[in-house]
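Please keep the sequence and the structure in view while reading.

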Amino acid sequence: MSALLEMSGVTAGYAADIDVLRNVTLGVEAGRITGLIGLNGAGKSTLMKALCGFLRPKAGAVRYDGADVTGIAPHRLIDRGIGYIPQESSLFPYMSVADNLRLPLEHLARTRAQALDVRARIDEMLVHFPAIREKLRAQAGDLSGGQQKMLEFAKAYVLRPRLCLVDEPSIGLAPKIATEVYHWIDLFTAQGMTILLVDHNVRRVVQMSEYIYVLSLGEITAQGRRKDFEGDLHEQVRSWLGVNF
Ligand SMILES: Nc1ncnc2c1ncn2[C@@H]1O[C@H](COP(=O)(O)OP(=O)(O)OP(=O)(O)O)[C@@H](O)[C@H]1O
Ligand SMILES: [Mg+2]
């Protein structure tokens, strides 16, 4: 099976003389969760940014659905069906929750050949994210951390991407809310969405992903199917990452 998203030989960084990613090759296959794990500063978020246009690779290529999308503007990727839930917020804090949901959807409606019913999309989303209904008029920036994360997922959900890049969705959240986050990811996959998941909860990433990559100091140092990562997980990950934790 060929991958929906492929990164091949990508070297990337923020300064001309420092490469944060070095010759990274990976594939994200359609209809499943692919996991990416690594220590703080390994380059996981940088890899996400290089995949979705926020950082142009210095070398190598990114292919999506058979087309070369290396260095394409991020909004063009959203038009093509790639969603991105970044580690930091992507919300407009001074706008209402409703506008945060409506504006990207209206943009998508303008770029689509066939009609898209904005109202129906939001109503359908509220079935899965019922707690958002009473917050629609609130300012996004006034929501709690957990509510903001819920809004991020709801915003991605209404756009119905084929592929969603999800970077550290549970970081800083109470365990109960983190559990909800993982349910939303399950909801996305149940709808047929393809996911690339980065999370500091290594055990959870291994449980949820069918294929896993380990990134260490900007290089892919291990990869395999879930069964290759189960068992004595702690011991394996410790040796892959080359550290004690
Ligand atoms: N905007 C930036 N400008 C310059 N350097 C950056 C920038 N963002 C990240 N870096 C550096 O790139 C390296 C990789 O950072 P990155 O955020 O990709 O790691 P990460 O694996 O996502 O870490 P974490 O687990 O903490 O989220 C780090 O050394 C970091 O300091
Ligand atoms: Mg990160």
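In helix α1, the buried residues are Lys44, Thr46, Leu47, Met48, Lys49, Ala50 and Leu51. A residue is called buried here if 20 or more other C-beta atoms lie within 10 Å of its own, exposed if 12 or fewer do, and partly exposed in between, with C-beta atoms placed from the backbone. Because seven of the eight residues of α1 (residues 44–51) are buried, this helix is largely enclosed by the rest of the structure. Glycine 53, which follows α1, has a positive phi, near 95°. Helices (H or I, at least four residues) and strands (E, at least two) are DSSP runs numbered from the N terminus.

This is a predicted model, in which local features need pLDDT of at least 70 and side-chain atom pairs count only at pLDDT 80 or more, while totals for chains, interfaces and linings use all residues. Residues are numbered from 1 along each chain as its sequence is written, and chains are lettered from A and ligands numbered from 1 in the order in which they are written.

The sheet comes next. Six strands form an open sheet of mixed pairing, in the order β6-β7-β8-β3-β9-β10; two strands pair if DSSP finds at least two bridges between them. Its edge strands are β6 (82–85) and β10, each of which pairs on one side only. From one strand to the next, the twist averages 15°. Tyrosine 84 stands opposite leucine 165 in β7.

Strand β9 (residues 211–216) has five of its six residues buried, and is therefore largely enclosed by the rest of the structure. On one side, β9 pairs with strand β3 (residues 33–37) in the parallel sense over four bridges, and glycine 35 stands opposite isoleucine 212 in β9. The pairing of β9 with strand β10 (residues 219–225) is antiparallel and extends over six bridges; here leucine 215 stands opposite isoleucine 220 in β10. β9 and β10 form a hairpin with two residues between them, and leucine 217 in the turn has a positive phi of about 45°.

Attention now turns to helix packing. Two packed helices are described by the angle between their axes and the distance between the axes. Axes are lines fitted to C-alpha atoms, for helices over the stretch in contact, and angles run from 0 to 180 degrees between N-to-C directions. Helix α4 (residues 118–128) packs against helix α5 (residues 145–159) at an angle of about 135°, with the axes 9 Å apart. That angle makes α4 oblique to α5; angles under 35 degrees count as roughly parallel, over 145 as roughly antiparallel, 65 to 115 as roughly perpendicular and the rest as oblique. Helix α3 (residues 97–111) and α4 also pack at an angle of about 135°, with their axes 10 Å apart, and are therefore oblique to each other.

Within α5 lies lysine 155. This lysine 155 is buried, because 24 other C-beta atoms lie within 10 Å.

Finally, which residues are around ligand 1? They are Tyr14, Val20, Gly38, Asn40, Gly41, Ala42, Gly43, Lys44, Ser45, Thr46, Gln87 and Glu168, a residue being near a molecule if its C-beta atom, placed from the backbone, lies within 6 Å of it.
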